[in-house]
Amino acid sequence: MKKMVVVMMIMMVMVMVSEASMIEQTCKETPDFNLCVSLLDSDPRGSSADTSGLALILVDKIKGLATKTLKEINSLYKKRPELKQALDECSRRYKTILKADVPEAIEAISKGVPKFGEDGVIDAGVEAAVCEGEFKGKSPLTSLTKSMQKVSNVTRAIVRMLL
Amino acid sequence: MASSESLLPVSSQQDPLSGSRCDSIPESRRRRPIKVHLAIYSGFLLIALYVTLVITHGGSAPKNDVNDDTTVESRARLAGVSEKSNDHIWNLSNDLKGEAFAWNNTVLSWQRTAFHFQPEKNWMNDPNGPLFYKGWYHFFYQYNPNAAVWGDIVWGHAVSKDLIHWLYLPFAMVPDQWYDANGVWTGSATFLDDGSIVMLYTGSTDKFVQVQNLAYPEDPKDPLLLKWTKFSGNPVLVPPPGIGAKDFRDPTTAWKTSDGKWRIIIGSKINRTGISLIYDTTDFKTYEKHETLLHQVPNTGMWECVDFYPVSKTKDKGLDTSVNGPDVKHIIKASMDDTRIDHYAIGTYYDSNATWVPDNPSIDVGISTGLRYDYGKFYASKTFYDQHKGRRILWGWIGESDSEAADVQKDWSSVQGIPRTVALDTKTGKNLVQWPVKEIESLRLRSKKFHMKVEPGTVVPVDVGPTAQLDIEAEFKIKKEDLEVVFADDSVEDDKEFSCETSGGATVRGALGPFGFSVLADQSLSEQTQVYFYVTKGKDSKLKTFFCTDTSRSTMANDVVKPVYGSFVPVLKGEKLTMRILVDHSIIEGFGQGGRTCITSRVYPTKAIYGATRLFLFNNANDAAITASFKVWQMNSAFIHPFSADDLGVPSST
């Protein structure tokens, strides 16, 4: 009985190892292997997704990160009223990510015209960088904007695999 | 789970000598566990191996590229090429240098063009099905009715008598069938022998498959071709075996074969090889696919918006798409999905076996050092034969180079280039020449003529009044004595391997260049876009000329792509250096040496706008004075507007 359990575990490990290597193979081709793997591994869809599917998972992460950042921007209006102008610009930029970049990327990747997806994903990183620059070195959002830039770079690399 | 008894090894049952009498059964039962466990163990191992194989194969079918070393390398190489030579793609290091600019409506609304085709608002991309019919030029285009980014695509429609004054019409086609529910995408028109029109276009089906569909005018008597009927038997083509369901789009205009059939090509890819599939038809409803391809080029990726047409070797007029003969070369053009560059090559078409051979395989279609229609921002282009004036016309989609936040704020994105005539350069035989259609001259208002000598290191203001809408035609001569000095002087470095894109732009001075115009500049030149020649002395002491556009100082805003564009331009013995520049707010189109090298750029100044725009002539060469003879016209708006009953009385110009 014990031997049977051991054999079954070996079988499961072999199956899991072969599945995980697909995410690993893909993430090796991106600028941030660890970030890529952690984002995809943590998503239940990751284990059975093809390249398109992996790209869409990451676009979803961009969406979630943008939503989270907008919440943070909104909470900063009260805490740091002197930053209103910068926060306004950040708000506009992050709303663009949610309303323009993400829907464009989802539609383009799903329909097989990935270049428009690449444009949307690149732009998400640009908008985050612009927002960060608004604070002239004293940004309260640095870790969020840097995250967006990193996720954008990784996502872009995967979208380029579809071209 | 099967009981261990059912996995009894055969021998213990069948062997009469193994002691299978009732009284020896307890003994064999004690022996069974070891053999049984071995059997179970190997069974599970086999299942595990099988599952592993299945998953790695099933999962990796679309990702063969990831696992294949050679394709990984070529993708990396392509990415490297992209980052260097196609700065419309952002660099991977995203920290923006310089000042962020808070775009406001005043600055943004200046960007809208006055005489380039663009819809009233929202996103546009590829030109579709351009044609001339019953007195009107028709233009269709990929359009998003809902946003200033790509998506929800329909066919927009506009008409014009002269390719310049456009009138908006209602959408020609929308995604109202299962076979185009996810997008009415790019397509081309063909005129049948009886003068009727068929349109082939790509539909993205309700299941996201790319298919080809047939449509035709609902009422051929309507010169405005307002309504289109989709063939009830659509789709007429689906992705063939071996071709990805999402790698099958943009059918071409058809041409007649010597068999009397119609032939089209559709771009696609197999792994990283760009290909063109051939289909023959007699009725545009059923097709025979050829087993061979018209042409393919490895490592070029997906070929979008393929175009195929004849050009005359001896005359600069256009040719109908079906023309063939000894006096004719054929052009294959494709839009490279990977790099967003439109490449073309000149070659010979053999109708009998449906093949095409490039004149120069080292600059075959899609090769990064090959020929381009335009060395700036220019994609998804498409030609058509204008039977009205006997010319071939080229349309090109000019996207934005700014952030999507700005596009959303200004509520539009993309313009079309000014339609250009395109023909073989009969003097060099090795490249096409393009030129804005003559009808654009109808927009010319007052003009001023200049003749100026400009010493090395000088910038001269050109006083013409407002400078956001201009047509400039210029001729340059390098002072003969200075040229001779440069030739004789061995210490003057041969500009090895000069390239506009990596040169650092117009402020980097050489012996014989750069010199040209600073357009959309403000008085202090804090913002400017330079369109210029750069002449180099080659190893063989021959002059080599480059035509470039430097947008790196076009705006102080830092969320805009600002590359230096350009390329070598052939200059033949006895020719003066000539350039033409069309300036129209946020778009600049430059034509070097009569259209041998063309550069379109998008610029977004924050200061050099409205009344503050200026024009300058500059000579940044170290060792040569130049003489410039040029004419500058103010350009009127084309007043593009929705069609109304008043427009029916519009007379055709010229």
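Start by selecting D425(B), which counts as buried at 5% relative accessibility; buried means under 20% relative accessible area, exposed over 50%, and partly exposed in between, with a 1.4 Å probe and protein chains only. You are looking at a predicted model, where local features need pLDDT of at least 70, side-chain atom pairs count only at pLDDT 80 or more, and totals for chains, interfaces and linings use all residues. Residues are numbered from 1 along each chain as its sequence is written, chains are lettered from A and ligands numbered from 1 in the order in which they are written, and side-chain values use heavy atoms, with hydrogens and water left out.

**Stop 1**

The term stands for a side-chain nitrogen of Lys or Arg within 4 Å of a carboxyl oxygen of Asp or Glu. R596(B) sits in the loop between β32 (587-592) and β33 (597-602) of chain B, while D425(B) is in the loop between β22 (420-424) and β23 (432-436), so this pair links distant parts of the chain, 171 residues apart. Helices (H or I, at least four residues) and strands (E, at least two) are DSSP runs, numbered from the N terminus. R596(B) is buried too, at 9% relative accessibility.

Next, pick R444(B) and D471(B), whose side chains meet in a salt bridge at 2.9 Å, N to O. Because R444(B) lies in strand β24 (residues 444-454) of chain B and D471(B) in strand β26 (residues 469-478) of chain B, the pair ties together parts that are 27 residues apart in sequence. Are these residues buried or exposed? R444(B) is buried, with a relative accessible area of 18%, and D471(B) is buried at 0%.

Now move to D411(B) and K121(B), a salt bridge whose closest N and O atoms are 3.6 Å apart. D411(B) lies in the loop between α6 (404-410) and β20 (412-413) of chain B and K121(B) in the loop between α5 (105-110) and β1 (122-133) of chain B, so parts 290 residues apart in sequence are tied together. Here D411(B) is partly exposed, at 32% relative accessible area, and K121(B) is partly exposed at 40%.

To see a network of salt bridges, select E118(A), D119(A), R156(A), R160(A), R272(B), D338(B) and R340(B), which are linked in one. Over all chains, the structure holds 48 salt bridges.

**Stop 2: S312(B) and its surroundings**

Select S312(B) in strand β13 (residues 303-312) of chain B. At 5% relative accessibility, this serine counts as buried. Which backbone nitrogen does the side chain of S312(B) reach at 3.1 Å? That of T314(B). The backbone nitrogen of K315(B) also lies 2.9 Å from a polar atom of the S312(B) side chain. Leaving aside neighbours within four places in sequence, S312(B) is in contact (heavy atoms within 4.5 Å) with L319(B), D327(B) and L424(B).

Stay in strand β13 of chain B and click on C305(B). Its phi is near 45°, a positive value in a residue other than glycine, and C305(B) is buried at 3% relative accessibility.

**Stop 3**

Then visit two cis peptide bonds. One runs from N234(B) to P235(B), with omega near 0°; P235(B) is in the loop between β8 (228-230) and β9 (255-256) of chain B. Another joins G513(B) and P514(B), with omega about 0°, and P514(B) belongs to strand β27 (residues 512-521) of chain B.

**Stop 3: F101(B) and chain A**

Select F101(B), in the loop between α4 (69-85) and α5 of chain B. F101(B) is buried, with a relative accessible area of 15%. Not counting residues up to four places away in sequence, F101(B) touches R93(A), V107(B), M556(B), A557(B) and T606(B).

Finish by colouring chain A by pLDDT, the predictor's confidence in each residue, from 0 to 100. Chain A averages 93, and 96% of the residues score at least 70.

Definitions and conventions. A polar contact is a pair of N or O atoms within 3.5 Å; within protein, one must be able to donate a hydrogen and the other to accept it, and residues adjacent in sequence count only if both atoms are side-chain atoms.
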